[in-house]
Structure formats: C-alpha cells, structure tokens
Amino acid sequence: MTSPEAKGPQVSTSYPPRTPQAPTKPAEPSRPQPVTTSANEMPVRTQPRMVVRNRRTAAYPFRADEWAPAKAVRQVLETVRGWGYPDLYEDDLETVVRVLVTAAVADGGKRLSVHLGDQEQKVLVAVLSHTAGASDQVVLGTVAALATVDSVGTDTGEEGRRMWAVLGAEPRRRPVRGTDGCRQGCQG
C-alpha cells in the first residue's frame, strides 16, 4: 500500500513555472488621424508662396540700417551686370532697389534680404523685411511709375512683408531725334 504521502506533493502540469516571453517588437504608437471638417466649415487655405525655378537667382542679406539701401544697390547692380543685360535701364533698377529697401528698413526689423531672379529678358527684385510691415501704396506707386517696371506687388507672409518689382530688360525703342511728332513740311 501506498500512502498518500509517498506519492509526494501534487504538482501542476506547468511546473516549473513559465516566464513570460519578451515582445519581439516594441508597440507602435498610434498614428495621428487626419482632421476631418464638417460640411459647414470652410477649409483653411494657406497663402501661396513665391517660387522661383529654372532661372538665375541671387539673395543678399543685409542689416536693416541706414546704409542698407546703398549696399543693396551696389550688390544688385553688380549681379545684374554679370547676367549680361546691356539694355536694362540701370537707373530704374537702382531706384527700385533703393525704394524697396528703404521701405523694408522703415518696417523696423533687424534684418532684410534682397532676392533677384531673371527669365526671358525680365529681372525680378524682391525685398523681404523679415518683420510685419504695413502695406504702403506710395512705395508701390513710386516703383510702378518707372518706365521699365512691368509689375509690382506686396504681401505679408511667414517671412514678414515682401515687396517685389519685375523690370523689363529687353531693348527699348528709342525716339527718332528731331521729329517731335512733326511730319514732313514742318518748319523748325
């Protein structure tokens, strides 16, 4: 006969105890879900950014101080001359740079930048004030009144106020001297 003590203690079938296995891959954090809008909400549109592609460009940073306009004019003229536009009216280019940079300095920031681009006999001059500034129609009017300026504009974005002008660099017709609108038979 066998006594119950002779059989020994009752042991479960899972003896020795199992240790849990380590996970093979860490748990992946939940992914952000796209924000859904109701039918009544208007989608938020971001302002388009100025993009310059397939053309020569240059960018110059300046400290926003009283000497910035003169420094910018020298840099811009040197660059555009290097691009080879013999028919560009440099007085208009100088005036555009001086007026736009002076307006950017007046915005009160610490720095500004001048960006140039060219394409198909046109030169783009863009000035960023890197601070918010008020739109000044006098500045745009002064620039737009120049003979070789094709278009002007301004907007405010993440980089601050941006002002630009596009100048035509194509050969201009020169008036015939001595005609002054007079046809044959005019007495001088």
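This note goes through a predicted model, point by point, from confidence to helices, core and salt bridges.

1. Confidence. The mean pLDDT of the chain is 79, and 63% of its residues reach 70 or more. Among the elements of the chain, the lowest mean pLDDT belongs to H3, at 89, and the highest to H1, at 96. Over residues 179-188, by contrast, pLDDT stays under 50, and the model has 0 contacts beyond four places in sequence for this stretch. Where pLDDT is low, the predicted coordinates should not be read in detail.

2. Helix H1. This helix has 16 residues, and the distance from its first C-alpha to its last is 23 Å, close to the 22 Å expected at 1.5 Å a residue. Its buried residues are Ala68, Pro69, Ala72, Val73, Val76, Leu77, Thr79, Val80 and Trp83, and they pack against S1, H2, S2 and S3. After H1 comes Gly84, which has a positive phi, near 80°.

3. Helix H2. Residues 90-106 form this helix of 17 residues, which reaches 24 Å between its first and last C-alpha atoms, close to the 24 Å expected at 1.5 Å a residue. The buried positions in H2 are Asp92, Leu93, Val96, Val97, Leu100, Val101, Ala103 and Ala104. Viewed down the axis of H2, these buried residues fall within an arc of 155°, so they line one face of the helix. They pack against helix H1 (68-83) and helix H3 (137-144), and also against the strands S2 (111-119), S3 (122-128), S4 (149-157) and S5 (160-168). Just after H2, Gly108 takes a positive phi of about 90°.

4. Asp92. What surroundings does the model give to Asp92, leaving aside its neighbours within four places in sequence? This residue of helix H2 is in contact with Leu146, Ala147, Thr148 and Leu167, once those sequence neighbours are set aside. Asp92 has a relative accessible area of 6% and is therefore buried, the limit being under 20%.

5. The largest nonpolar core. This core has 34 residues, and those with the most contacts inside it are Val80, Leu93, Val96, Leu112, Val114, Leu116 and Val125. The elements that give two or more residues to it are S1, H1, H2, S2, S3, H3 and S5. Leu93, one of the residues with the most contacts inside the core, touches Val76, Leu77, Val80, Leu88, Val125 and Leu167, not counting residues up to four places away in sequence.

6. Salt bridge Arg56 to Asp118. A search of the whole structure finds 7 salt bridges, and three of them deserve a separate look here. In the pair formed by Arg56 and Asp118, the closest N and O atoms are 2.5 Å apart. The two residues belong to distant parts of the chain, with Arg56 in the segment before strand S1 (57-63) and Asp118 in strand S2, 62 residues apart. Arg56 counts as partly exposed at 38% relative accessibility, whereas Asp118, at 5%, counts as buried.

7. Salt bridge Asp107 to Arg161. Here the closest N and O atoms are 3.0 Å apart. Asp107 lies in the loop between H2 and S2, and Arg161 lies in strand S5, so the pair ties together parts that are 54 residues apart in sequence. Which side of the burial limit do the partners fall on, buried or exposed? Asp107 is buried, with a relative accessible area of 17%, and Arg161 is likewise buried, with a relative accessible area of 3%.

8. Salt bridge Lys122 to Glu170. Lys122 counts as partly exposed at 29% relative accessibility, and Glu170 counts as partly exposed at 31%. Salt bridges that share partners join Lys122, Asp150 and Glu170 into one network.

Definitions and conventions:
Residues are numbered from 1 along each chain as its sequence is written. This is a predicted model: local features need pLDDT of at least 70, side-chain atom pairs count only at pLDDT 80 or more; totals for chains, interfaces and linings use all residues. Side-chain values use heavy atoms; hydrogens and water are left out. Helices (H or I, at least four residues) and strands (E, at least two) are DSSP runs, numbered from the N terminus. The expected span of a helix is 1.5 Å times one less than its number of residues. Buried means under 20% relative accessible area, exposed over 50%, partly exposed in between (1.4 Å probe, protein chains only). The arc is that of the directions from the helix axis to the C-beta atoms. Contact means heavy atoms within 4.5 Å. A salt bridge is a side-chain nitrogen of Lys or Arg within 4 Å of a carboxyl oxygen of Asp or Glu. A nonpolar core is a set of buried Ala, Val, Leu, Ile, Met, Phe, Trp, Tyr and Cys residues joined through side-chain atoms within 4.5 Å. pLDDT is the predictor's confidence in each residue, from 0 to 100.
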